[in-house]
Amino acid sequence: MKRFRSRREFLFESGGGISGMALAWLLNQDGLLASDEDACSNSSSTPNPFASRKPHFPPRAKSVISLFMSGGVSHVDTFDPKTALARYAGQPLTGRGDIIVRQGNPGPLMPSPFTFRKYGGSGIDVSEIFPHIASHVDELAVIRSMYSMSNDHVQAVYALQSGVIRMGFPCLGSWVTYGLGSESNNLPGFVVIYDARGGPMGGPSDWSQGFMPAAYQGTVFKASGTPIFDLKPPSGVTPGQERARLDYLGKLNQLDARKYPGDTELAARINSYELAYRMQSCAPEAVDLEKESAATRKLYGFDDPVTEPFARQCLMARRLVERGVRFVQLYHGGLGVQNIDTWDAHENVRENHGRHAKEVDLPISGLLTDLKARGLLDSTLVIWQGEFGRMPISQRGLGRDHNPGAMSIWMAGAKIKGGQVIGSSDEFGYKAEEQPISVHDFHATILHLLGMDHTRLTYRFNGRDMRLTDVYGELIPQIVKT
Amino acid sequence: MPRRSVWLALLAIAASSVKAADRQVSFSKDIEPIFQASCWTCHGATVQSSKLDLRTRQSALKGGEHGIVLLPGKAEGSRLYRLVAGLETPRMPMSGKLTPDQVEAIKLWIDRGAQWESAAERSPASEALNWWAFQKPVRPAVPVTSVERMNRHPVDAFLMKAMQAQGVKPAPPADRQTLLRRAYLDLIGLPPTLAQAAEFLDDKSPDAWDKLIDRLLASPQYGERWGRHWLDVARYADSNGFEHDFDRPNAWRYRDYVIRAFNRDKPYNQFLREQIAGDELEPVTKDSLIATGFLRSYAKVGYREKDNPEFRYEYLDDMIATIGRGILGLTVQCARCHDHKFDPIPQTDYYRMQASLFGSVEVDHPLTSPEEARAYETKTAELDARVNEIRQKIRTLEQPYRNTLLPPKYKKFPQNIQDAIAVPEAQRTPGQQLLASQVIRTVSVSSAEMERIMKPEDLAERRRLEAQIAAINKERPQRIPVAMGMTDGDYRFTPDGPGDEPAPGKGVKREAIEGSYLHTGPGRYQVPPSYLLIRGDLNSRGPEMKPGFVSAITYGNPPVELPPASGHTSGRRRAMAEWLVSPENPLTARVIVNRIWHHHFGRGIVATLDNFGKLGELPTNPELLDWLAVEFMDRGWSVKELHRLLMTSEAYRMTSQFNDASNMAKDPQDRLYWRFRISRVEAEILRDSILAVSGALNTEMFGKPVFPKLPPEILAQTKEGIWLDHEDGPEVWRRSIYIYRKRGLPFPLLDVFDLPNQNISCGARDVSTVPTQALALMNDEFVVRQARLFASRLEEAAPGDPRKQVELGYRLALSRPPDAEESKLAAEFLAGHKLADFAHVLLNLNEFLYVR
């Protein structure tokens, strides 16, 4: 974007089309305004006084943990029970026009292989495969009338992330960090942690900043080992050597900066080396899960190899949010073997969803419990979603094909009223029926909870004030009401 | 449609504060958006609940099965109003209440006659056409100022006039060392070698600078730098993008074409003609065919294209957006769903542009003589036919074995499927039919399985037949080289691409028409009809559209079709190309001149390179822009001439180190170009400079892209498409323009330094400063290795002489010797640290990263 052609120019022009909070963030993000505190932690409890990231109105939450179930979770087997599927089992789904499936021909209606039961004071029905998440149901707002925009995985992931099925548009995490900045001096504002089995379908475009500056791109943290690519010097370089190089570099750059007094871009680059240096110690600290108590680790499921991988991701998310990271995007399910390592249950829903539910159920439950115990749940929005739902009809006997027409998602934290069900899909779960909720509605609502009006959070690109929600988006009233 | 034809004046925008009586209500601005958001879903193209269709005035007046809903002039009596106002039930729309403001707008609109301007009837208002950018540039007189130094060159004179008006002083000239480095990084994207530096610095003749520019423009490396700028505009990449991110094995030929075009100084008008209509020119050349890759560089789903007709409209939109932004500096694509909100581009213009491109289809142009291409195709078809015949024999031979082996295979399926298959077809329930159909025909038997149970004589026969196929395949001619491009054809007959095979049992929906993909004669190719799409919706066809252009910038009555003699193509793109490069077009020359200015001076005269419309920035020096645009056309659209012109100005040679307080106060952003603007080098220059300084740069030009090795954790992010992951070494130490551009995985070292998004045409890149850049330059293995090579180079040149090594290091990396303080600091550092650490620090200096 031309506004960002030059940071110098941008700083001078700060009134022209970019909000003060983004300006403050950029300064902060470059370390220009950063205080010299050495401590990595607690930056969220001592926010940078200059980084006054004013949202449009008082926010309900200040950070987001997004749990993305890659491959597409079947709503009729998890959060949207359909008794009609048992009643009409084995019969064709008729009266809905052409049933568009992704692969082959449509099969007949198939009941869920799982049983549902009512949980909590609210008595919301949840599938047996999520017993731990279900124990939090009184804290969840379950949306049963969401729908997606494509029955192709990648386009649907892009839709959920950016509101557009094409590549090249900023994702939700980019919009949020663009709007609010980060509260951490030592960590990126937008962090992505994907499944140890591999990245999600769609790859790095899933956390792309699109037409925004690279600063708003999601930074990938690995779930184990050194968290950030190129964070550490190659082997053989001692910390002393590294510090000496940085000091020498700093001296030379300072000498040089005298030739350009007042040039903030050069100053920012000098500072970026110091910030990078701090990140080298703070990023590993942020994800050092050994520091957590045995009880906490058990709560997330570290003691079971099935739950351990996603437990790591969830616990890292909590630690990052605690340290002021604005947006943490977790992906469960990765590009190992598509139909096996993701929720893409074409072959066998019982086997696929049974396994993946077990992998995430306890870790997510642990995350919710832990956030609550630490008083973070009220200030953190937790969202759970996939790219689309699945068909009420079977595929080759026991599987289900993609269904963008209806899906179930849930939101928690951010002082959202829990224990409520919003909207519904039709009798079979084929299409969203009552109060259909689009991706844009979902995004508008998330921004609202963070204190931003989705119609006013704009980024001027190519002569147009672009929005995450384009020209669409209605707030979900049951979520936004307090 | 020529501009200045008859139009309807648009009503002024209603302000929310005005009283109802004074409130202006326009169908397009106030009512249509409400209908679109809240009514047409149920009373529109696809569904007409209660048999009510609100799309047109005529259909709305007709009413639905419950009677009349609209009485123009009488809102209170119109059920349309009463239902949305809640005066009758059920309250409309079902999806949620309208706001009081919207209800009032509907009331006023009905009371005032419920006028209904359809998109096709609307035209832009006259004042919008008076926008500066839509007027043809006229060469202004070159001003004369009181500053003698600034009167010698027209560019300086225009700039000085503007500076004087603001009381701003021009900076003094930069020193020759700075100018040397500036010119090298700018024109070829590499720092000068020691010999190159000496050649200029030792040349004391008055035209030393002119000779330097000539040398650089003649360097083949010039095209590798300036071609890159155009590839950004062309959103060039080597892969499809989207889920599968398929490789584009021939995309690189277009990249090479662009490099060659810049090196040969192909006139910009011809450059555009070839890219828009290279297959329609007379004569067609290999290069002009390759050039059509420009249109085809859009990201592409590349899977199930025929099941998803909307994809084609996305690609057409991408072409229109790229031509609009890239060539015209206009956001034409904003008029896809509605008239442009800010510029006088009606939706009809968009669909005229679309009609101009609608006849085009993807094709791989053979790059041989037509005779060779035909011979190749004939031979291949003949061999295919022979192979197929034998395959058929094999299938017949195998059939009994397949029949034996198939039924047990169904056993791996769930019981419900097996049960369904066990029931004779005629007796299956509807559900069982579905179950069976999902499996039957999807199960295959491998030839190895059959081999195990085949009778020896059948097995021998099959082997004999397979040997025949192998023999035939040996006759296959060498594949002919092809270019990935466009030509005209009927998209409804697109051959299957990868992944296009319909799923078993699912026929692809094809319209029942006769025709062929490419038109090879006789007679003239007819473009399939295209339509205005209401709200951009593929299912809401408006009137059929004729080809045409953006009316606000169309002077006279240019032809919309210029068919070639062969009749194989429609000539619509040729006509569009001629319209684009016509001297009558007010934007094309201005836009390219401004781009080139931007790359030299760090900021465009119009700062928004891709948008000269209402929401773009105004030119800081409109007279200069127009003078340059006219001069550019008069000099034969020569880009190299334009470089010479701009670089011989005083403005280009000013110092960047001029911190005049009064200037800073009056023009802090340097919009007047009173000093040279420093700017961070682009990602490719950074990597290429590192390689040049270390001595490792492989200057081989052209050809297939390279894939520098990536760490496994980066490769794990996607497994779609290809990444050949070549060893780190001279093979990949080539200029960054030759690195494979994978849409799904931008090359990390370049990406972190603001490589632009590869999916949208991009003029000016972002410049961000983030700590991950510092991490990459300090810790990335590539950089560390190059720093070591750089150190070895210094050690070899001056063994055991740290003072000389430091001096050489500075000269190579920064094109200047160190000053006394720098020498002292270097000596101190080297006393305790390795030469490689010193070399590494040089590659991290701000000075190394900036053009000054």
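Hi everyone, let me start with a pair of helices in chain A. Leu246(A), Leu249(A), Gly250(A), Asn253(A), Gln254(A) and Ala257(A), all in helix 7 of chain A, meet a set of residues in helix 8 of chain A, namely Leu266(A), Ala267(A), Ile270(A), Tyr273(A) and Tyr277(A). Sorted by class, this contact between helix 7 and helix 8 of chain A has eight nonpolar residues, three polar ones and no charged ones. Do keep in mind that what we are looking at is a predicted model.

So how do the two helices sit against each other? Helix 7 of chain A covers residues 239-257 and helix 8 of chain A covers residues 264-286; their axes come within 10 Å and cross at roughly 165 degrees. Because angles over 145 degrees count as roughly antiparallel, helix 7 of chain A is roughly antiparallel to helix 8 of chain A. The crossing of helix 7 past helix 8 in chain A is left-handed.

Now, on to the partner chain. In chain A, 74 residues are in contact with 83 residues of chain B. Which helices of chain A each supply at least two residues of the side that touches chain B? They are helix 1 (7-12), helix 5 (153-162), helix 7 and helix 8. Our friend helix 7 of chain A gives the largest share of that side, 10 residues. By class, the side of chain A that touches chain B has 33 nonpolar, 22 polar and 19 charged residues.

Last, a quick look at chain B itself. Its domain assignment gives domain 1 (20-123), domain 2 (371-474) and domain 3 (781-851). Between the C-alpha centres of domain 1 and domain 2 of chain B there are 59 Å.

Terms used
Residues are numbered from 1 along each chain as its sequence is written. Chains are lettered from A and ligands numbered from 1 in the order in which they are written. This is a predicted model: local features need pLDDT of at least 70, side-chain atom pairs count only at pLDDT 80 or more; totals for chains, interfaces and linings use all residues. Axes are lines fitted to C-alpha atoms, for helices over the stretch in contact, and angles run from 0 to 180 degrees between N-to-C directions. Helices (H or I, at least four residues) and strands (E, at least two) are DSSP runs, numbered from the N terminus. Angles under 35 degrees count as roughly parallel, over 145 as roughly antiparallel, 65 to 115 as roughly perpendicular and the rest as oblique. A crossing is left-handed if the near helix is turned anticlockwise from the far one by less than a right angle, and right-handed if clockwise. Two residues are in contact if their C-beta atoms, placed from the backbone, lie within 7 Å. Ala, Val, Leu, Ile, Met, Phe, Trp, Tyr, Cys and Pro count as nonpolar, Asp, Glu, Lys and Arg as charged, and the others, Gly among them, as polar. Domain bounds come from an automatic or database domain assignment.
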